[in-house]
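Here is a short report on a single protein chain. Keep the sequence and the 3D view open while reading.

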Amino acid sequence: NIAVEEKELTPEQKEEVGIKESMYIVLNYAAEVFEGLLNNHDEGKAFGLSYFKERGFLGKTVKTFGLGYTLSNWHYFLKKSQEKGYKTEILEKAGRILKNEKGNHYDRFRGRVMLPIHSVTGRVVGFGARTLKRDEKPKYINSPESEVYHKSEILYGIFQAKKSIREFNNCYLVEG
């Protein structure tokens, strides 16, 4: 005997939900592209995969966390996404591309290893990116805050760890 209330969404709310869903789709697509570049592209294997191997990341870890690489090219992801039909507006809202003062778009991340950030339910909501060049600053760049990514509400790796946390009823949190 539970009363269920249904609430009709306003057109604005429907549009907001649609934008968020589009952002999730774009972010998931980005994770797939970056993972593919890490494992299948010469630049990704030479720089990204070798970096992870040097750090002791086994293939299982790379796969479990969906680690990736983004090419040094300024427009690779933008062009690939546009070819797939993704809208520039959504790519920008999702933090995948930036716009310069002339109004031209370019990839936010270039020549970096990519660490997808997942929500507790497993949806990709953003990325952490580390440069592999010694003199490039900043060393780390995260996705900007967005409708789907709120840095203060996400714990990196919680999606991958939640099953073990439940199983062992224990969790150690460390920084760095």
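## Model and first helix

The model is predicted. Helix α1 covers residues 11-40 and has 30 residues. At 1.5 Å a residue, α1 should span 44 Å. Its end C-alpha atoms are 43 Å apart, which agrees.

Several α1 residues are buried, including Ile-19, Met-23, Tyr-24, Val-26 and Leu-27. Phe-34, Leu-37 and Leu-38 are also among the buried residues of α1.

## The cavity

A search of the whole structure finds one cavity of 30 Å³ or more. The largest cavity holds about 30 Å³ of space. Its lining consists of Phe-34, Thr-70, Phe-77, Arg-96, Asp-107 and Phe-109. By class, that lining has three nonpolar, one polar and two charged residues.

Helix α1 supplies the buried residue Phe-34, and Phe-34 is one of the lining residues.

## Thr-70

Thr-70 sits in strand β1, residues 68-70. Buried or exposed? Thr-70 counts as buried because its relative accessibility is 2%, and the cut-off for buried is under 20%.

A polar atom of the Thr-70 side chain lies 3.2 Å from the backbone oxygen of Phe-109. Beyond residues up to four places away in sequence, Thr-70 touches Phe-34, Leu-37, Glu-43, Phe-109, Arg-110, Gly-111, Arg-112 and Met-114. Two of these, Phe-34 and Leu-37, are buried residues of α1.

## Phe-109

Phe-109 lies in the loop between β3 (105-107) and β4 (112-118). This residue is in a loop, yet at 2% relative accessibility Phe-109 counts as buried.

Which residues does Phe-109 contact, leaving aside neighbours within four places in sequence? They are Thr-70, Leu-71, Gly-95, Arg-96, Met-114, Phe-127, Ala-129, Ile-141, Asn-142 and Ser-143. Thr-70 and Arg-96 from this list also line the largest cavity. Lys-53 is 56 residues from Phe-109 along the chain, and their C-alpha atoms are separated by 21 Å.

## Backbone features

Lys-137 and Pro-138 are joined by a cis peptide bond, with omega about -10°. Pro-138 falls in the loop between β5 (124-131) and β6 (140-142).

Asn-169 is not a glycine, but its phi is positive, near 55°. Asn-169 belongs to the segment after α6 (158-168). At 72% relative accessibility, Asn-169 counts as exposed. Thr-70, in contrast, is buried.

Key: Residues are numbered from 1 along each chain as its sequence is written. This is a predicted model: local features need pLDDT of at least 70, side-chain atom pairs count only at pLDDT 80 or more; totals for chains, interfaces and linings use all residues. Side-chain values use heavy atoms; hydrogens and water are left out. Helices (H or I, at least four residues) and strands (E, at least two) are DSSP runs, numbered from the N terminus. Buried means under 20% relative accessible area, exposed over 50%, partly exposed in between (1.4 Å probe, protein chains only). A polar contact is a pair of N or O atoms within 3.5 Å; within protein, one must be able to donate a hydrogen and the other to accept it, and residues adjacent in sequence count only if both atoms are side-chain atoms. Contact means heavy atoms within 4.5 Å. On a 1 Å grid over the protein atoms alone, a cavity is a set of points where a 1.4 Å probe fits but cannot get out, and a pocket is an open set with protein on both sides within 12 Å along at least five of seven lines; lining residues have an atom within 4 Å of a point. Grid points are joined across faces, edges and corners, and a volume is the space filled by probe spheres set on the points. Ala, Val, Leu, Ile, Met, Phe, Trp, Tyr, Cys and Pro count as nonpolar, Asp, Glu, Lys and Arg as charged, and the others, Gly among them, as polar. The expected span of a helix is 1.5 Å times one less than its number of residues.
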